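Thanks, everyone. I'll keep this short.

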Amino acid sequence: MERGAAGGIATVTAVARHLAVARAIAAKDLRAELRGRQAVTSTLFLAALTLLIFGFALGPDRASLAAAGPGLLWLAVILSGVLAVGRLHQLEMEDGAFELLALYPVPRAAIYLGKALGGLAAMVALGALVLPLTAILYAIDVASALPGLVLVIGLGALGFAAIGTLYAGLTVRLRAREVLLPLLLLPVVAPLLLAAVSATASLLAGDPLGELGAWLQLLIGYDLAMLLAGGLTYGLALEE
Amino acid sequence: MATRVLGLGALVTVAGATAFALVGVPADLNQGEAQRIMYIHVASAWLAYLSFGVTAAASAWWLVRREPRADAVALAGAEVGVLFTAATIWAGMMWGRPVWGTYWQWEDPRLTTTALLLALYVGYLLIRRLTDEPARRATRAAVVGIVAAIDIPIVHFSVVWWRGLHQGPTFMSPDTILNPPAPGPFVAALLLMLGAFSLAWLWLMVNRYRLARLDWEAEESARRGRLPGLAAAVPAPRP
């Protein structure tokens, strides 16, 4: 009985310690970014530019732009996100810090969680920029559905960061990583894109078909599946 | 020798099944001659999914045991699977044009899922191409193979929910087994084609597996300097 309790406490402290490791790694990425590493900041401009270019590509018709809004929003987030998660690893590699990270005597899953949290922060920043820009450029009223949109962007950002971090770690040492990362990532995030765009469109329309719940469930399921895959296999990418 | 017999058997049965599907079975009342494409389409699709199942299992096998055999099986599954997926999509488009009036039908969940499947495993083959050292290549590929296997059911769900209008599965669904709408000759032609394609699949898998094992051995020997002639042909590992 007592041993059971002690074991439980030991597990809780171990989990807390791993979370502290993850937080420290994510905080390091954030600090480096704020001190001008420019891993993510440049991708913010790319996301904004993407939205502008989409406008030119689709023409000045307001109705068609507004109809395409949810899809364009998520394309801008995902296309810039591929670069953001890739650069978070690439700059670490160029600094020679990736090898050191692999040498720390902590569970690989904690390192993965830390890098994924950093990726999540980058994706949330992208979403926070792209949402108001979409509203302004494509004349979409987002204010009425804001809480739901924040939730959808959060879930989408988490899922993308989860798989993006795994694949960025897997490809960072490869010659053709700039091409390979989007080639691997885009088909895998296709269901996330579908669910996020459908949920966003449904929220903006006031959920007329009552399908919002299903898409949110799909997003949550996707997030959990990819976090699990990343936690289990990211260490294999580090161990080389 | 046994592989030769298998290959010959596959050749004969594929030819026989093709002849039967072309002249032995009447054309479909509604779809006309185009319906004959379905025999190839369905058989390819079934083997494509089987191949990727093999790759997923072999990827897990490699990660647990680190046996070169496992990696060779995974590679064979992915490469043969990409071949059959491409055949599935091609046959589906050839059928869709006369029957649906369009090559590509965005509302069909199985077509869109299969297209993503092709993209997923082309990525798998690419990451293999770009890694020189065999064990690293096997590990990276195994991670991609497992993520793809996790992703496929989610992809399928998402595109089904995304408003599918496809006719339900013709096969393996309970009410079609209880009151079969497809007349005997149609079912016989499909089963014959499935069997013939499965033989061809097995032959391809065995040969690709053997080639992968030989490749691995050649790379390892070149690395250890046992085959100096080959050393120049195989790129040195990156530091």
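Let's start with chain B. Take the contacts in this chain between residues at least 6 apart in sequence: 75% of them join residues at least 24 apart. Keep in mind that this is a predicted model.

What are the elements of chain B? Chain B has 8 helices and 0 strands. From the N terminus on, the order reads α-α-α-α-α-α-α-α. How many of its residues are buried? Chain B has 239 residues, and 36% of them count as buried.

Now the core. The largest nonpolar core has 130 residues. Those with the most contacts inside this core are A161(A), I163(A), A195(A), L219(A), A74(B) and M193(B). Which helix gives the most to this core? That is α6(A), with 14 residues.

A74(B) is then in contact with T55(B), A58(B), S59(B) and W62(B), among others. Its list of contacts also includes A141(B), A142(B) and G145(B).

Next, the interface. Here 24 residues of chain A are in contact with 24 residues of chain B. On the chain A side, three helices each supply at least two residues: α7 (177-188), α8 (190-204) and α9 (212-238). Which helix supplies the largest share of that side? It is α9(A), with 9 residues. By type, the chain A side divides into 19 nonpolar, 3 polar and 2 charged residues.

Stay with α8 of chain A for a moment. L193(A) lies in this helix. Leaving aside neighbours within four places in sequence, L193(A) is in contact with W74(A) and I78(A). L193(A) and W74(A) are 119 residues apart in sequence. In space, their C-alpha atoms are 6.8 Å apart.

On to α3 of chain A. This helix covers residues 62-94, which makes 33 residues. At 1.5 Å a residue, α3(A) should span 48 Å. Its end C-alpha atoms are 45 Å apart, so the two values agree. There is a kink, though. Where is the kink in α3(A)? It lies at G69(A), shortly before the proline P70(A), and amounts to about 55°. Then, just after α3(A), G96(A) takes a positive phi of about 75°.

That brings me to backbone angles. Most residues other than glycine have a negative phi. Two residues here go the other way.

One of them is A139(A). Its phi is near 55°, a positive value in a residue other than glycine. A139(A) sits in the loop between α5 (108-137) and α6 (146-171) of chain A.

R66(B) lies in the loop between α2 (37-65) and α3 (68-99) of chain B. R66(B) has 13 other C-beta atoms within 10 Å, so this residue is partly exposed.

That's my tour. Over to you for questions.

Conventions. Residues numbered from 1 in each chain as written. Chains lettered and ligands numbered in written order. Predicted model: local features only at pLDDT ≥ 70, side-chain atom pairs only at ≥ 80, totals over all residues. Helix = DSSP H or I, 4+ residues; strand = E, 2+ residues; numbered from the N terminus. Buried ≥ 20, exposed ≤ 12 C-beta atoms within 10 Å, placed from the backbone. Contact = placed C-beta atoms within 7 Å. Nonpolar A, V, L, I, M, F, W, Y, C, P; charged D, E, K, R; others polar. Expected span 1.5 Å × (residues − 1). Bend = angle between axes of the 7 residues up to and from the residue. Core = buried A, V, L, I, M, F, W, Y, C linked by C-beta atoms within 7 Å.
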